[in-house]
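Subject: A structure for you to look at

Hi there,

Here is the structure I promised to pass on. Have a look at it first, and then read on for what turned up in it.

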Amino acid sequence: MYILSALLAGLVFGFGLIVSGMANPAKVLGFLDLAGRWDPSLALVMAGAVGLGFVAFGLAGRRSRSLLGTAMHLPTTRHIDRRLVLGSLVFGVGWGVAGFCPGPALVALGMGQAKALVFVLAMVAGMGIFHVIEARRSRTG
Amino acid sequence: MIDWAHFTPWQALLGGVLIGAAAGLFALVNGRIAGISGILGGLFRPVAGDTGWRLAFLLGLVAAPLVYGLVAALPALQVDAGYGSLVAAGLLVGIGTRYGAGCTSGHGVCGMARLSPRSVVATLCFMGTGFATVFVLRHWFNI
């Protein structure tokens with residue numbers, strides 16, 4: 001059940017990315033291009049998602065167990081540090097270069113886009129580099 | 001200047017509501033954050049019993065267009081970036097989202113909906129460099 005609901009969540013999330021047009025990098029870049037011909041669509045995607053999410057996360061935050069009876073794994077970290085800021089700044093540069101972020105890239109991969117495959121492989125490699133660096137750091141430091 | 005020809009307010013809102021519903025239900029039913037970079041990145045340090053749901057969520061994302069295509073026509077995608085740019089962008093997104101502990105879904109949607117100060121800061125950071133990068137590439141270098 002836990003795995004089935006995860007599959008469904010991924011599926012509906014993917015539908016949302018398709019319907020909203022966010023699986024299309026050209027549309028995302030149209031939003032990020034404030035100085036050009038600006039397409040505000042992404043702001044409305046965020047508004048719809050955050051609006052509904054606000055209600056759902058409000059309910060989820062008060063629960064000590066999930067609806068399936070498993071432990072809640074919602075983040076509790078509140079510390080704003082250099083890693084968070086620098087990492088997010090770097091992510092934004094990559095996002096601006098191609099118009100892909102992780103979710104839409106996986107949906108575009110499912111559409112059979114060769115360019116999405118190249119992006120996803122590079123992204124996975126980037127995550128691998130992070131884990132190698134972190135594993136080394138934790139061994140030495 | 002708003003690009004009225006490409007602005008799709010209703011589809012954007014509807015798609016956003018679907019994303020919010022998926023993320024909200026995932027939090028309630030599974031007790032987890034629907035953050036794509038975190039779900040994918042967590043596979044690098046596999047823990048018994050912790051990989052199945054990750055693979056299932058990712059499979060759902062990749063399979064979404066296949067299922068969607070059975071009912072409606074899939075929208076066309078336009079990827080202007082060349083292969084070199086895609087490799088550079090992928091590496092930056094992979095490393096950046098892991099150090100930043102989240103991407104547009106984890107911080108931008110879930111974290112903002114939870115009013116998490118960390119996610120607000122992260123979202124401002126990646127939106128900021130996203131805007132700046134496109135500005136520099138399109139208006140300085142005409143790419």
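Let me begin where the two chains meet. The crossing of helix 4 of chain A with helix 6 of chain B is right-handed. If you want to find the contact on screen, look on helix 4 of chain A for residues including A:L84, A:S88, A:F91, A:G92 and A:W95, and on helix 6 of chain B for residues including B:R118, B:C125, B:F126, B:G128 and B:T133. The residues of this contact divide into 13 nonpolar, seven polar and one charged.

Please keep in mind that this is a predicted model. The predictor gives the complex an ipTM of 0.95 and a pTM of 0.95. For chain B, the mean pLDDT is 95, and 100% of the residues reach 70 or more.

Now for the whole interface. In total, 107 residues of chain A are in contact with 103 residues of chain B. On the chain A side, two or more residues come from each of helix 1 (2-20), helix 2 (25-32), helix 3 (41-61), helix 4 (82-98), helix 5 (102-110) and helix 6 (114-140). Which helix of chain A gives the largest share of that side? That is helix 1 of chain A, with 18 residues. Sorted by class, the side of chain A that touches chain B has 71 nonpolar, 29 polar and seven charged residues.

Is A:A9 buried or exposed? A residue counts as buried when 20 or more other C-beta atoms lie within 10 Å of its own. A:A9 has 26 other C-beta atoms within 10 Å, so A:A9 is buried. Leaving out residues up to four places away in sequence, A:A9 touches B:A22, B:L25, B:F26, B:A34, B:F57 and B:G60. A:D81, by comparison, is 72 residues from A:A9 in sequence and 30 Å from A:A9 in space, C-alpha to C-alpha.

Helix 1 of chain A also meets helix 5 of chain A: their axes come within 10 Å and cross at roughly 90°. Helix 1 and helix 5 of chain A are therefore roughly perpendicular to each other. A:F13, A:G14, A:L17 and A:I18 of helix 1 make this contact with A:G103, A:P104 and A:V107 of helix 5. Five of the residues in the contact of helix 1 with helix 5 of chain A are nonpolar, two are polar and none is charged.

After helix 5 of chain A comes A:G112, with a positive phi near 80°.

Finally, chain B on its own. Chain B has six helices and zero strands, and its C-alpha atoms fill a box of roughly 50 × 40 × 35 Å along the principal axes. Of the 143 residues in chain B, 55% are buried. Among contacts in chain B between residues at least 6 apart in sequence, 41% join residues at least 24 apart.

Enjoy exploring!

Best wishes

Terms used: Residues numbered from 1 in each chain as written. Chains lettered and ligands numbered in written order. Predicted model: local features only at pLDDT ≥ 70, side-chain atom pairs only at ≥ 80, totals over all residues. Contact = placed C-beta atoms within 7 Å. Helix = DSSP H or I, 4+ residues; strand = E, 2+ residues; numbered from the N terminus. Nonpolar A, V, L, I, M, F, W, Y, C, P; charged D, E, K, R; others polar. Buried ≥ 20, exposed ≤ 12 C-beta atoms within 10 Å, placed from the backbone. Axes fitted to C-alpha atoms, helices over the stretch in contact; angles between N-to-C directions. Parallel < 35°, antiparallel > 145°, perpendicular 65-115°, else oblique. Left-handed = near helix turned anticlockwise from the far one by under 90°. pLDDT = per-residue confidence, 0-100.
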